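Please keep the sequence and the structure in view while working through the numbered points.

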Amino acid sequence: MSLMVIASFLMITACGSPGNSATSAAGTTTASQGPVEIEFWYGLGGKLGDNMKKTIDAFNASQKEVVVKGIVQADYDETGQKLQAAIASGQVPAAVLSSNVDWAKKGYYAPMDSFIAADPDFKKEDFVQTFLTQGQVDGKQYFLPMYGTTQVMYYRKDTLKANGIDPASLTTWEALAAAAAKMTKKENGKTTFYGWEPMWGSDNMIDAVLGKGGSILSPDGKTVTIDSPEWVETWEMFRKWIHEDQIMGIHSGGQGWEYWYKTIDDVMKNKAAGYTGSSGDQGDLDFKIVGAMEQPGWEGKGEGKPVANAIMAGIPAKANPEQQQAAFKWLTYFSQASNTAQWSMNTGYIAVRQSALEDPGFKAFSKKNPQIEVPLKQAAHASAPFQDPTGGKITDALKVAADQVQINNVPAAQALQEAKVKAQQELDRANSR
């Protein structure tokens, strides 16, 4: 799933409260008085939230210098919104599961380079480098990767078997669409069982575009290219599958991750043959019922190139030095090889340290649970996440266009052209600064 970027701090008075108490920010506890207490904000629900709480509890029990208090938001977007208000008020958490390049450039996050240099156990070279570099801004390390994610495909084993479909044959979107049509069930012209459910939003459709060779910007970074044939053809196919053929369906809206869990429920409750979701969904799935496979590519274009993204955490600059040091201690604990391996086994997310793959527990787990390797294999040929030079305006335009196509049945060419105009205006403005 993508992270929300909020561009301006001039209109934040209407935002929600940053926390539950006046001590939600950097607390006043000092080392001489006892452990340093800090808040860590994160937008995870369901089993992911349960696993985060277990990790926090394990950290608190492992040492006596720092106590982490987890504060849960509905999702990543709400975390960003509340952090915006917290920064304005000065009452910030010490650590947050959120990252924002634009905010780092403005000084709202603290760089971690001095902490890293003073920590002999950090071992920068052991991190998955594509994940670590995503946290760097202007040569400084502002964010640390907590886990990696990429969207993969989950399917009901019984449905594919009953329809004589080998999941190994679904290596292209064309083949998946044909299989979805075969598995779809309709009564009185209305679909009662969907052959596939793409996840709501622009991310999955962007992944498909990248597999066809599309790009968001021209090589020189001056032109928005989201109205190219690769974009129009790909998004139009999704519109057709959803609205005309009605072999694919989506859930949209709701509170937090509600739409996501409704999509999962459709597959687990035998209302759909499969769906496109996060590698992190594995903790919520029963693999006696479902299997996992990589995202497909397109005929004549080779394997897919979906985005592999690091979910990162940062330390707000307004936290005091003692709080920042405590936050760094917590974040590096999370990324220790054994801990990131355990997180991967529990959730399906990708471990951020290379040595995690040699963890004995992980090696034994992967032999019994081969689905854990699907995100790792996909990440090997994945695309890097888009770094929006407009502070999120291009990404926002794509979200609007995706809703137009997926929900409102607007032709892809029209939706993307409208998004292109808005995005190009914002890009021109950003390039002229």
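1. In this predicted model, the lining of the second largest pocket receives at least two residues from each of β10 (290-293), α12 (337-347), α13 (360-368) and α14 (373-379). The space in this second largest pocket amounts to about 580 Å³. Its lining consists of 34 residues, and those closest to the centre of the pocket are A292, M293, P370, Q371 and V374.

2. By class, the residues lining the second largest pocket comprise 14 nonpolar, 14 polar and six charged.

3. For helix α9 (residues 229-244) and helix α15 (residues 393-406), the axes come within 9 Å and cross at roughly 40°. Angles of 65 to 115 degrees would count as roughly perpendicular and those under 35 as roughly parallel; α9 and α15 are therefore oblique to each other.

4. Which residues of α9 and α15 meet? From α9 they are W231, W235, R239, I242 and H243, and from α15 they are L398, A401, A402, V405 and Q406. The contact of α9 with α15 divides by class into seven nonpolar, two polar and one charged residues.

5. Helix α15 also packs with helix α8 (residues 202-211), and here the axes come within 9 Å and cross at roughly 95°. The helices α8 and α15 are therefore roughly perpendicular to each other. On the α8 side the contact is made by S202, M205 and I206, and on the α15 side by L398, K399, A402 and Q406. By class, this contact of α8 with α15 has four nonpolar, two polar and one charged residues.

6. Finally, the structure holds 13 salt bridges. One of them joins R353 and D126, with the closest N and O atoms 3.3 Å apart.

Notes:
Residues numbered from 1 in each chain as written. Predicted model: local features only at pLDDT ≥ 70, side-chain atom pairs only at ≥ 80, totals over all residues. Heavy atoms only, no water. 1 Å grid on protein atoms, 1.4 Å probe; cavity = no way out; pocket = protein on both sides within 12 Å on 5 of 7 lines; lining within 4 Å. Points joined across faces, edges and corners; volume = space filled by probe spheres on them. Helix = DSSP H or I, 4+ residues; strand = E, 2+ residues; numbered from the N terminus. Nonpolar A, V, L, I, M, F, W, Y, C, P; charged D, E, K, R; others polar. Axes fitted to C-alpha atoms, helices over the stretch in contact; angles between N-to-C directions. Parallel < 35°, antiparallel > 145°, perpendicular 65-115°, else oblique. Contact = heavy atoms within 4.5 Å. Salt bridge = Lys/Arg side-chain N within 4 Å of Asp/Glu carboxyl O.
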